Amino acid sequence: KITKNWSKDLNSEWTCRVYFATNMILNATVLLKNVEYAEDNNIRIVKPYLEYYAVLSLLRCVVYTLPELDWNDGELIKISHSKALNLAMDSLAKFSIEKSQELKEICKLLKAQRELISYRAPASGDRNLSDSYDINEICTILAEVAQFNSELLEASVTKNASKEDFVVHYSDI
């Protein structure tokens, strides 16, 4: 539907959206590498923070690639944590309601653990934290959903768009 009316404005918007989604993947990758480093060097206190923000980055990544969401002149990149979670999980539910519900609960746990260490009980360390999830699996699923969305967009753009519309506006850059 979007690509049948492809224009320079849409091309510029979607270039930005995919660029920001790619940045979110990069950010999550860096954060997960820091989790590995922290674990290897017994710096456990940062793990909840790093894991939560890696997942949040990928939730946002999914949201940026959802064609049904309005870009609103870039306001989409400012969505709240809870809105990113709900929108991404709604998208994931189209594939699997059970997996969506499972990941939503894990995301809430990750946020609670980040808040516990950051705000409520930083001196108690990580003894009350759960590690009953595979952070790499969660991040992979979210990145794959975003990749799937971008692949669908690319296939549709290739089929429907005109090359003269492949412009990125300077104001968007």
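## Buried and exposed residues

A residue is called buried when its relative accessible area is under 20%, exposed when that area is over 50%, and partly exposed in between (1.4 Å probe, protein chains only).

A word on the ground rules before the tour. This is a predicted model, in which local features need pLDDT of at least 70, side-chain atom pairs count only at pLDDT 80 or more, and totals for chains, interfaces and linings use all residues. Residues are numbered from 1 along each chain as its sequence is written, and side-chain values use heavy atoms, with hydrogens and water left out.

After α1 comes Asn 42, whose phi is positive, near 55°.

Arg 17 forms a salt bridge with Glu 13, the closest N and O atoms being 3.0 Å apart. The two residues are 4 apart in helix α1, so about one helical turn separates them, and both Arg 17 and Glu 13 are buried. Arg 17 also lies over the face of Trp 14, at 3.9 Å from the ring centre (a charge sits over a ring if NZ of Lys or CZ of Arg is within 6 Å of the ring centre and within 35 degrees of the ring normal).

## Salt bridges

Side chains of opposite charge can pair when their charged atoms come close. The whole structure holds 10 salt bridges, each being a side-chain nitrogen of Lys or Arg within 4 Å of a carboxyl oxygen of Asp or Glu. In one of them, Glu 137 meets Lys 99, with the closest N and O atoms 3.4 Å apart. Glu 137 lies in helix α5 and Lys 99 in helix α4, so this pair ties together parts that are 38 residues apart in sequence. Glu 137 is partly exposed at 38%, and Lys 99 is partly exposed at 22%.

Elsewhere, Glu 39, Lys 47 and Glu 51 are linked in a network of salt bridges.

## Aromatic pairs

There are 5 aromatic pairs in the structure. Rings of Phe, Tyr and Trp (its six-membered ring) pair if their centres lie within 6.5 Å; planes under 30 degrees apart count as stacked, over 60 as edge-to-face and the rest as tilted. Tyr 19 and Phe 20 make an edge-to-face pair, 5.6 Å centre to centre with 70° between the planes. Phe 20 is partly exposed at 27%, and together with Tyr 19 and Trp 71 it forms one aromatic cluster.

Phe 95 and Phe 148 have ring centres 5.4 Å apart and planes at 80°, so this pair is edge-to-face. Phe 95 lies in the loop between α3 (81-93) and α4 (97-120) and Phe 148 in helix α5 (residues 135-160), so the pair ties together parts 53 residues apart in sequence.
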